[in-house]
Amino acid sequence: MTQWFERVGQQRDWLWRGWQIRYSVKRAAATDVAATPIVLLHGFGAALEHWRHNLPTLAEGHTVYAVDLLGFGGSRKVKTTYSTRLWAEQLYEWWRSLIGVPVILIGNSLGSLVCTVLAHSYPEMVSGLVLLNLPDVSLRQAAMPSWLASGVYQLENALSGPWLIKPLLKLLRRPAVLRSWIKIAYPRSAAVTLELVELISRPAYDEGSGDTLWALSRSLRRSGFSPAMTEVIAQLRIPILLIWGERDRMVPFQLAQRFTNLNPQLTFISMPQAGHCPHDEYPDEFHEILLPWLDCFRTHTQ
């Protein structure tokens, strides 16, 4: 089997605000088309390797980039206040420095959040948007009365101090424990390979990973972590493809109905057997959905 690092293209580093950011690029194989570049954004706890089954196929017709968000994968582990706005600023400045022409954004889970914020905040950057499920942290806040939300927030803060997070990380990154968690996201057990477990666990051993997990856990509970996705999706003026696994146990499939009628440019397609990561769990079926949608972003030059 070809090693994952041969499938994700050339890995490079870029410096942002003094922090090292890892990304990869795989140039388009086709020379007779002028195609819109693609940028891939991973989900929470993942990294650019999570697209190893997709990069070679997408690069047959497009130049494809994959980026590790600050705090994840091969990017710097930083103790800071995280938000979709921070990651959007990271991606926009990276795009402006290295690409500079409109791109198609494809994101999974947390990556979908960041892609959506990018498309809304920097419309000159984005020609199209592909979302593999779409979390909406505002739903949790809206579902609780203020007095209860305040109590829950204080309890979570008490239970997520550094004294607890760091020992917890040492437990969670063990392959046997991590595999059980990954299976929640992957109904198809055959997709939970040793390679996948290794790729997910490796960044948890990096310097600063414990402090970063603590900072992330605090940031996720802040009211300003992300805008309401229902409001943002309704305002976009670009083609949107929303793909959702019907067996997603992390961002339930039922939430998809909140988005399907918000924007006339949104196309919704479900994947009946897939869970939280359809691009990795069922890559062939995912490509059968995605590639025809991408055809409108390719122009033959000969």
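Let's start at one residue: Ser109 sits in the loop between β6 (103-108) and α4. Helices here are DSSP runs of H or I with at least four residues, strands are runs of E with at least two, and both are numbered from the N terminus. Ser109 has a positive phi of about 60 degrees, although it is not a glycine. Most residues other than glycine have a negative phi. At 9% relative accessibility, Ser109 counts as buried. Buried means under 20% relative accessible area, exposed means over 50%, and partly exposed is in between, with a 1.4 Å probe and protein chains only.

A word on the source. This is a predicted model, where local features need pLDDT of at least 70, side-chain atom pairs count only at pLDDT 80 or more, and totals for chains, interfaces and linings use all residues. Residues are numbered from 1 along each chain as its sequence is written, and side-chain values use heavy atoms, with hydrogens and water left out.

Back to phi. Arg17 also has a positive value, about 55 degrees, and is not a glycine. Arg17 is in the loop between β1 (10-16) and β2 (19-26). Its relative accessible area is 47%, so Arg17 is partly exposed.

Now the whole protein. The secondary structure comes to 13 helices and 10 strands. Of the 302 residues, 52% are buried. Take contacts, meaning heavy atoms within 4.5 Å. Among those between residues at least 6 apart in sequence, 76% join residues at least 24 apart.

Which residues touch the most other members of the largest nonpolar core? Trp87, Trp94 and Leu118 do, in a core of 53 residues. A nonpolar core is a set of buried Ala, Val, Leu, Ile, Met, Phe, Trp, Tyr and Cys residues joined through side-chain atoms within 4.5 Å. Look at Trp87. Leaving aside neighbours within four places in sequence, Trp87 contacts Leu69, Leu70, Phe72, Tyr82, Leu110, Val114, Leu216 and Phe225. Apart from that core lies another, of 27 residues, including Trp4, Val8, Ala59 and Leu294.

Next, Tyr122. Tyr122 is in the loop between α4 (110-121) and β7 (126-132). With a relative accessible area of 14%, Tyr122 is buried. Not counting residues up to four places away in sequence, Tyr122 touches Arg85, Ala88, Glu89 and Tyr92. Take Glu89: it is 33 residues from Tyr122 in sequence, and 9.4 Å away in space, C-alpha to C-alpha.

On to a helix pair. Helix α8 (residues 175-185) and helix α9 (residues 194-201) pack at about 105 degrees, with axes 10 Å apart. Axes are lines fitted to C-alpha atoms, for helices over the stretch in contact, and angles run from 0 to 180 degrees between N-to-C directions. The two helices are therefore roughly perpendicular, a term for angles of 65 to 115 degrees. From α8, the contact uses Pro175, Leu178, Arg179 and Ile182; from α9, it uses Leu194, Leu196, Val197, Ile200 and Ser201.

What is buried in α9? Glu195, Leu196, Val197, Leu199 and Ser201 are. The buried residues of α9 pack against α1 (4-7), α8 and α12 (278-281).

Last, cysteines. How many disulfides does a search of the whole structure find? Zero, where a disulfide is a pair of cysteine sulfur atoms within 2.5 Å. Cys277, at 5% relative accessibility, counts as buried. Cys296, at 60%, counts as exposed.

Terms used. Parallel < 35°, antiparallel > 145°, perpendicular 65-115°, else oblique.
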